[in-house]
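Grab a pencil and work through the exercises below. Each one comes with a solution taken step by step.

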Amino acid sequence: MGEGESIVEVEVEGEGEEKETTSTWNLGKHSQIVQLSEKLMNGNLNSKIEAAREIRKVVRKSSSSKTRSKFAAAGVIQPLVFMLSSSNIDARESSLLALLNLAVRNERNKVKIVTAGAMPPLVELLKMQNSSIRELATAAILTLSAAAANKPIIAASGAAPLLVQILNSGSVQGKVDAVTVLHNLSTSIENSTELIDASAVSPLINLLKECKKYSKFAEKATALLELLSNSEEGRNAISNADAGILTLVETVEDGSLVSTEHAVGTLLSLCQSCRDKYRELILKEGAIPGLLRLTVEGTAEAQERARVLLDLLRDSPPEKRLAPSVLEKIVYDIAERVDGVDKAAETAKRLLQDMVQRSMEHSMNCIQHRAASCTPSVIPST
């Protein structure tokens with residue numbers, strides 16, 4: 001029983017009366033849906049705009065997935081999609097709002113809207129100077145991108161570069177919606193590195209600076225930055241962005257389990273691509289304490305990434321390394337925060353032993369590699 005039907009329940013007294021009233025209510029709603037669909041399909045432009053606005057009102061008032069499905073079954077989706085391409089701005093806006101409300105919490109309608117050809121006109125709406133329309137289109141694409149079947153179609157529609165523009169110039173809500181769409185698409189297509197280019201780095205860094213590092217938004221932003229760090233252009237953009245590496249280091253220190261994993265993954269990608277270039281930049285921003293803490297507190301993946309990155313950073317020249325006493329103090333402070341004063345010494349000792357062990361293993365691997373590279377392929381007999 002839907003929300004509207006439960007209201008009728010309160011107003012009636014007898015069981016028979018309830019069935020009759022509920023039936024009458026359903027008949028009235030069905031009649032309204034049929035009338036609006038006919039008005040939308042057969043009326044003039046003004047009638048269609050009125051019908052689209054009324055559809056939105058009915059759906060919002062009902063808040064029922066059943067009502068959304070009945071409107072779709074009555075055939076309103078295709079004419080609403082056609083209206084998205086109208087030269088009349090009111091027609092575009094009213095149809096956009098109606099479709100947005102029909103798609104919310106209704107997976108089947110999401111797929112029907114995209115199948116009906118909504119993406120090309122929605123992409124055109126993203127190009128409009130009217131910021132309100134542009135951001136309504138972003139919200140609609142966000143809703144549609146929640147359906148797995150729609151993601152490849154949306155990714156191929158050309159919407160991504162326009163969403164990156166919204167990262168630069170949209171409202172706060174518009175930026176949040178754009179990041180969420182891009183994140184939705186990046187997790188569902190094979191060639192996700194082709195989805196967005198390095199132009200997205202600067203706005204993503206700026207948004208990450210401004211948000212809480214443990215927020216869901218930060219998780220999505222850092223996931224996109226990690227994706228961008230897989231290309232040379234993306235890595236250059238991250239290191240050249242104002243406080244780019246520092247913002248990632250701060251996320252390692254203050255982020256959620258998910259955002260820290262992506263942030264350390266991004267830093268690791270930088271360092272692995274060119275240690276001589278990025279090692280000093282990462283060390284300069286004070287990454288060591290956060291990485292050490294992450295080896296204890298992060299997800300299994302984050303812990304491993306942090307350890308690998310620490311190994312790469314410890315390969316820096318002697319003058320760039322932390323003094324042993326400073327390193328011990330950092331490790332002890334982290335251990336105290338993690339396990340308390342009573343167990344801090346024991347935890348710090350274990351962490352330092354692990355670092356020493358990993359350093360010895362790394363050094364031995366280097367020696368073995370050098371020895372192998374110097375061994376002649378054919379040993380002459382004596």
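**Exercise 1: a helix pair**

Ile55, Val58, Val59 and Ser62 of α3 are in contact (heavy atoms within 4.5 Å) with Thr67, Arg68 and Phe71 of α4. This is a predicted model, where local features need pLDDT of at least 70, side-chain atom pairs count only at pLDDT 80 or more, and totals for chains, interfaces and linings use all residues. Numbering starts from 1 along each chain as its sequence is written, and side-chain values use heavy atoms, with hydrogens and water left out.

Task: sort the residues of the contact of α3 with α4 by class, then work out how the two helices are oriented to each other.

Solution.
- Step 1: the contact has 4 nonpolar, 2 polar and 1 charged residues. Here Ala, Val, Leu, Ile, Met, Phe, Trp, Tyr, Cys and Pro are nonpolar, Asp, Glu, Lys and Arg charged, and the others, Gly among them, polar.
- Step 2: the axes of α3 (residues 45–62) and α4 (residues 65–73) come within 8 Å and cross at roughly 150°. Axes are lines fitted to C-alpha atoms, for helices over the stretch in contact, with angles from 0 to 180 degrees between N-to-C directions. The helices themselves are DSSP runs (H or I, at least four residues), numbered from the N terminus.
- Step 3: α3 and α4 are therefore roughly antiparallel. The cut-offs are under 35 degrees for roughly parallel, over 145 for roughly antiparallel, 65 to 115 for roughly perpendicular, and oblique for the rest.

**Exercise 2: another pair**

Task: find the angle at which α6 and α7 pack, and name the residues that meet.

Solution.
- Step 1: the angle is about 140°, with the axes 8 Å apart.
- Step 2: that makes α6 oblique to α7.
- Step 3: Leu99, Leu102 and Ala103 in α6 touch Asn109, Lys110 and Ile113 in α7.

**Exercise 3: the loop between them**

Task: what is the phi of arginine 105, and is this residue buried or exposed?

Solution.
- Step 1: arginine 105 sits in the loop between α6 and α7.
- Step 2: its phi is positive, about 55°, although arginine 105 is not a glycine.
- Step 3: with a relative accessible area of 56%, arginine 105 is exposed. The bands are under 20% for buried, over 50% for exposed and partly exposed in between (1.4 Å probe, protein chains only).

**Exercise 4: an enclosed helix**

Task: which residues of α8 are buried, and what covers them?

Solution.
- Step 1: Met119, Pro121, Leu122, Val123, Leu125 and Leu126 are buried.
- Step 2: the cover includes α5, α6, α7, α9, α10 and α11.
- Step 3: 6 of the 8 residues of α8 (residues 119–126) are buried, so α8 is largely enclosed by the rest of the structure.
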